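My notebook is open, and I am going through this model one topic at a time. Here is what I looked up, in the order I looked.

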Amino acid sequence: MQALAARFRGMTTDDLTAVAQLEAASYDFPWTRGIFHDCLRVGYDCEVLEDEAGQLLGYCILAVAVDEAHILNLCVSLGYRSQGLGGLLLDHLLLKAREQSCRRIFLEVRPSNRAALNLYAGRGFEKVGLRRDYYRAANGREDAVVLARDLR
């Protein structure tokens, strides 16, 4: 398989429709375009990953407060999954957090999302908590596993 050429750039309001469409195609209970807009408005680190032609391959959003980072969203386009792009996005966020002198990084993930849990475990994240009934789900609510990683 040929390596995919990809580059990161800051998400802009011009990206919001495509990002929201990718989100809606990926999740049963997606973030809205408005939520992504709010992330840009408040200054979170919002980035897109695109190919040489400008095709959206994925996106990621990181919030930083003092010396802690929180991964808010990370998603790979359906047609590009299982090609290492999730790891590329995650590694990019880890680097961004380190560049901002963060000591720890956190995230929440559905326990049913085995692929994501495997990705995070492979990058050194460990379970530090559980948020009961955190996510909307087809049968009501689903817990969130809280994961963290030391960046020092």
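**Asp-45**

I started with Asp-45 and found its place in strand β2. Helices and strands here are DSSP runs (helices H or I with at least four residues, strands E with at least two), numbered from the N terminus. Before going further I noted that this is a predicted model, in which local features need pLDDT of at least 70, side-chain atom pairs count only at pLDDT 80 or more, and totals for chains, interfaces and linings use all residues. I also noted that residues are numbered from 1 along each chain as its sequence is written, and that side-chain values use heavy atoms, with hydrogens and water left out.

Is Asp-45 buried or exposed? Its relative accessibility is 17%, so Asp-45 counts as buried. My scale is this: buried is under 20% relative accessible area, exposed is over 50%, and partly exposed is in between, with a 1.4 Å probe and protein chains only. I then listed the contacts, meaning heavy atoms within 4.5 Å. Leaving out residues up to four places away in sequence, Asp-45 touches Cys-60, Ile-61, Leu-62, Lys-96 and Gln-100.

**Cys-46 and the other cysteines**

Cys-46 also has its place in strand β2, which spans residues 45–51. I get a relative accessible area of 4% for Cys-46, so this residue is buried. Which residues does Cys-46 touch, not counting those up to four places away in sequence? I found Arg-9, Gly-10, Met-11, Cys-39, Leu-40, Cys-60 and Ile-61. I also looked up Val-76, which is 30 residues from Cys-46 along the chain; their C-alpha atoms are separated by 14 Å.

Two cysteines in that contact list made me check for disulfides, counted as pairs of cysteine sulfur atoms within 2.5 Å. My search of the whole structure found zero. Cys-39 is in no disulfide, and its nearest cysteine sulfur, that of Cys-46, is 5.1 Å away. For Cys-39 the relative accessibility is 5%, so I wrote it down as buried. Cys-60 is in no disulfide either, with the sulfur of Cys-46 as the nearest cysteine sulfur at 8.7 Å. Cys-60 has a relative accessible area of 0% and is therefore buried.

**Aromatic pairs**

Next I turned to the rings. Rings of Phe, Tyr and Trp (its six-membered ring) pair if their centres lie within 6.5 Å; planes under 30 degrees apart are stacked, over 60 edge-to-face, and the rest tilted. How many aromatic pairs does the structure hold? I found four. One of them joins Tyr-120 and Phe-125, edge-to-face at 5.7 Å centre to centre with 65 degrees between the planes. Both Tyr-120 and Phe-125 are buried.

**Leu-151**

Leu-151 lies in the segment after β7 (140–150). With 7% relative accessibility, Leu-151 counts as buried. Setting aside neighbours within four places in sequence, I found Leu-151 in contact with Leu-94, Ala-97, Arg-98, Cys-102, Arg-103, Arg-104 and Ile-105. Leu-151 and Arg-9 are 142 residues apart in sequence, and their C-alpha atoms are 23 Å apart in space.

**Two serines with positive phi**

Ser-82 is not a glycine, yet its phi is positive, at about 65 degrees. I placed Ser-82 in the loop between β4 and α3, and at 79% relative accessibility this serine counts as exposed. Ser-101 has a positive phi too, near 60 degrees, in a residue other than glycine. Where does Ser-101 lie? Its place is in the loop between α3 and β5.
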